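Here is a short briefing on one protein chain. Please keep the sequence and the model open while reading.

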Amino acid sequence: MVEFSRANAEAFIDEDDEMDEEPGEEIESAPPLNVGEEREINSNGIKKKLLKHGHGWETPEFGDEVTVCYVGILLDGTKSVSTRDKGSVTFKLGQEKVAAGLDCGIVTMRKGETALFTLPTDTDFGSTDLDAVSSNSAIQYEVELVSWIRVVDVCKDGGIIKKIMEKGELIGPPGDLDEVLVRYVVRLLDGVTVAETPEHGVEFYVKDGHFCQALPKAIKTMKKGEKVNLIVQPQYAFANGDKDSENVVPSIPPSSILSVDLELVSFKPVINVTDDLGVLKKILKEGEGTLTANEGAAVTIRYTAKLEDGTLLERRGVDGEDTLKFITDEEQVIDGLDRAVSTMKKGERAIVTVKPDYGFGNTEVKRDLAMVPPRSTIIFEVEMLEFTKEKDPGEMDKHERIQVAQRKKEEGNLLFKNGKYQRAVKKYEKAIDCINEDEAFEDDDQKIVKSLRVSCWLNGAAACLKRNYFQEAIEQCSKVLEVESCNVKALYRRAQAFMETADLHLAKLDIKKALEIDPQNREVKLIQKTLKQLQAESNRRDAKLYTTMFARLSNENSLAAKRLKVEETESKNEETVGEINMR
């Protein structure tokens, strides 16, 4: 990823904007410098003349450790300071180790670039072991940016400082669920090695942690192949001397600061397919391209299925076995496998962990090679061989859309009859997607399309009622009533939903309108009777509530009256006593 210095932070600034430039800021609209060209790079008067182009586009940032060679020359040509004899020097940008303002020039440079910076006469020079420079002397620095190390404060509190020694690939960083392979060497600040991995590294899941809490925190900021050095403060290491003795040889003194050379060798992404950890997919091999199988895709897979203890349950496409072909989202395989396969690319290979709620649940099931006990977690190793995605409505002509919508509606009706209400709702939604009302159909098709929409909305509302999704049922019926205000079924089902949500007044209005349209409708009369019972119960509850409230108020008023009477009596007694004493 291309990273830009603060010089490029303010993009598209209008020339008339009265905005001061940050130190080191380079005007974004200005073209890159050519060799031999000079330009003032910020409002502090620092000038930069390019002597040699650098490589790439990245530039260092304040806080990074840069390695440079430089020569300081006064304007009269006198050589003042130089690192040529010593070679390069390394320092942290932003601390102005050489001269105030020079760091602002270095952040505009690329690796290998050489530039001449002219500093203003009021420049303060940093504390170095080089020759002193007279204050009030304008000076030029010829600087070569040899390299730099990106420095990251991982937790923003100085507890874990990460220096990127070698950049990784554009893959990552890993997340909490991912399985990582790392190599590391841990040393105390005196150089004593206290822990290291074998040459082949160690694997663990990021969420499980490893060695000390600094490792997973740092790993979540790294790319595949990246090598870093970590300086870990005790609060992220072993502040109290608590540690896993198997990982620490010899013992680490309490409150030690650690230096960790860490490499993220690789990682296997783990996808939370169902968002509740019920189905996890660990990718062993990335598939081709970006397309994945979707709901309704025709897929061909090979797989093995095992219990957590390694018991082999079944296999397809392995050792001469036929591959498995099925249509996703059609309940042709267990739900967890179905959902995971719907996210896979062609050629992808993955470990899919299916918890009981997405597998066989509480049922004992016989598979090809073994029995599956109740509440078992199933581990699949799956490879997607090929798939054909279900055609998108945008890829169909209008007549094909109508045909597909009719088929989806019929499939939904069959699922509804079999009690599979959630999947029925999805079929009705797909049917409606095919005949979106924004699409202009021919006059001959308009009647068919309208009828299909109304039917799917009504059936969807019925399925929502079965699943106790009353608000969704109300929304489906309301869509029908927007196009057919006198649809009795829509009024009837919406009234049912209103009764369940205790909106009895709205239910009464829908029932009244339905009976005005169809006075003899038996089903509507039945829920009218039920509504009257609910209203009577509601009235009784209200009456009891008000009675209790009035009784409480009456009691409170009675108590207040008694208190007032007592206070008046006490006041009169005090007056009488006072009169007696006066006599």
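Is strand β15 (residues 279-285) mostly covered or uncovered? Strand β15 is mostly covered, with 5 of its 7 residues buried; buried means under 20% relative accessible area, with a 1.4 Å probe and protein chains only. The model is predicted: local features need pLDDT of at least 70, side-chain atom pairs count only at pLDDT 80 or more, and totals for chains, interfaces and linings use all residues. Residues are numbered from 1 along each chain as its sequence is written, and side-chain values use heavy atoms, leaving out hydrogens and water.

**Strands around β15**
- Strands are DSSP runs (E, at least two residues) and helices are runs of H or I (at least four), numbered from the N terminus.
- β15 pairs with β14 (residues 270-272) in the antiparallel sense over 3 bridges; pairing requires at least two DSSP bridges.
- N272 has L280 in β15 as its bridge partner.
- β14 and β15 form a hairpin with 6 residues between them. In that turn, D275 has a positive phi of about 65 degrees.
- β15 also pairs with β19 (residues 349-354), antiparallel over 6 bridges. Here K281 has V352 as its bridge partner.

**Helix α5**
- Helix α5 (residues 421-434) has 14 residues. From first C-alpha to last, α5 reaches 20 Å, close to the 20 Å expected at 1.5 Å a residue; the expected span is 1.5 Å times one less than the number of residues.
- Buried residues of α5 include R423, Y428 and C434.
- The buried residues of α5 pack against α4 (398-417) and α6 (443-466); contact means heavy atoms within 4.5 Å.

- Over residues 488-521 the chain is 79% helix and 0% strand. The end C-alpha atoms are 9 Å apart.

Note on methods. Buried means under 20% relative accessible area, exposed over 50%, partly exposed in between (1.4 Å probe, protein chains only).
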